[in-house]
Amino acid sequence: MRKKSEHGCSRGMAFKEMDNMNTPWRAVLHLGKRVAWPKGHRVQFGRALYFLECGKVRLTHQNLEGVEKILWYIQGGCLFGETPFFDPMPAESYFSCVTDCIAYEFTQDALKEISKNRPDLIINLLESMSRKLRILSNQASSLYLDNVLVRTCKFLAQRLQPGSDPLKAELGMSRQEMASLLGVHRISLYKVLRQQEESGMFGPFTRDSIIILQPEAFFKLVES
C-alpha cells in the first residue's frame, strides 16, 4: 500500500500552510521590535516586515463588495508582510491572527543593517518569497482547473499525519475556513466529503479530521 506524508508533485502545494521557512532570522531578532497580538487581531501594516515567532496568521483577500477569500496560513518561523513592505500600494488583502501570536517587527533601517551584515538572510527571504509565489500560482491554477474533489485531496495531502494507518489528515481549521481556502461554498464541500465517504475513498469524517481509505486513488487525484 502506498503511503505518503508529503508527495513529490509541486502542484499539490496549492493549499500548503507555511512554517519554519525563515528560522535563520531568529539570529537577528534583537534588531526587531517584539509585539504580542491576541487571537482575532488584524495586523496593521506600515513600512515594516514581520517575523512570526509563534502562533498562526491568515492572509485573506477582500473585494470591494466585502467578499472574502482565504489565501494561505503562516505559522511560526516565517516572515510575512513582504508585499506591503516592498510595495506600499493600497492592499486588498489583510493578515489576521488565528491564535495568540508573538512577532518581531523589522523597520527599513533594520533591514538595511541585516542586508549589509547578513546577506545570507536576504537570500533566505528571497527563497521564501519564491515559495510563496509558487504556492499562490499553484492555488490560482487549481481554483481554475481542478474540480472540488481534486482541490480537497490536494488540501488533505498537505495535512496527513506521519505514520497514521489508515492515513489520517488533520484539518487544523473549521469547515468554513477550509471551504474558503478551496474557493467553494461550505455546502458544496460537505457534499464532496459525503460522496467520497459513500464511495469508500474517505472513511467517516469528523469536524477535525478525515481518514483516507484508498491511498492509491487519493494520490492519483493529488498528482493530477
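Which residue in E6 does His61 stand opposite? His61 stands opposite Ser93.

The model is predicted: local features need pLDDT of at least 70, side-chain atom pairs count only at pLDDT 80 or more, and totals for chains, interfaces and linings use all residues. Residues are numbered from 1 along each chain as its sequence is written, and side-chain values use heavy atoms, with hydrogens and water left out.

**The chain as a whole**

The protein chain holds seven helices and nine strands; these are DSSP runs numbered from the N terminus, with helices (H or I) of at least four residues and strands (E) of at least two. Its radius of gyration is 19 Å, close to the 17 Å that the globule rule gives for 224 residues, so the chain is as compact as a globular protein of that length. That radius is taken over C-alpha atoms, and the globule rule is 2.2 Å times the number of residues to the power 0.38. The C-alpha trace spans about 60 × 40 × 30 Å along its principal axes.

The accessible surface of the protein chain is about 11400 Å², and 53% of this belongs to carbon and sulfur atoms; areas come from the Shrake-Rupley method with a 1.4 Å probe, and for residues only the protein chains shown count as cover. Of the 224 residues, 47% count as buried. Here buried means under 20% relative accessible area, exposed means over 50%, and partly exposed is in between (1.4 Å probe, protein chains only). Among contacts (heavy atoms within 4.5 Å) between residues at least 6 apart in sequence, 74% join residues at least 24 apart.

**The sheet**

Three strands form an open antiparallel sheet in the order E4-E3-E6. Strands pair if DSSP finds at least two bridges between them. Strand E4 (68-75) and strand E6 (93-97) are the edge strands, each pairing on one side only. From one strand to the next the twist averages 25°. Strand E3 (residues 56-62) is joined to E6 by five bridges, and the two run antiparallel. Helix H5 (residues 175-182) packs on the sheet and touches E3 and E4, with its direction at about 105° to that of E4. For such angles, axes are lines fitted to C-alpha atoms, for helices over the stretch in contact, and the angles run from 0 to 180 degrees between N-to-C directions.

Not counting residues up to four places away in sequence, Ser142 touches Ala14, Phe15, Arg151 and Lys154.

A search of the whole structure finds 11 aromatic pairs. Rings of Phe, Tyr and Trp (its six-membered ring) pair if their centres lie within 6.5 Å; planes under 30 degrees apart count as stacked, over 60 as edge-to-face and the rest as tilted. The rings of Tyr190 and Phe205 have centres 6.0 Å apart and planes at 80°, so this pair is edge-to-face. Tyr190 lies in helix H6 (residues 186-199) and Phe205 in the loop between H6 and strand E9 (209-212), so the pair ties together parts 15 residues apart in sequence. Trp37, Phe45, Tyr50, Phe80 and Phe95 form one aromatic cluster.

| Residue | Relative accessible area | Class |
|---|---|---|
| Ser142 | 1% | buried |
| Phe205 | 14% | buried |
| Tyr190 | 38% | partly exposed |
| Leu145 | 63% | exposed |
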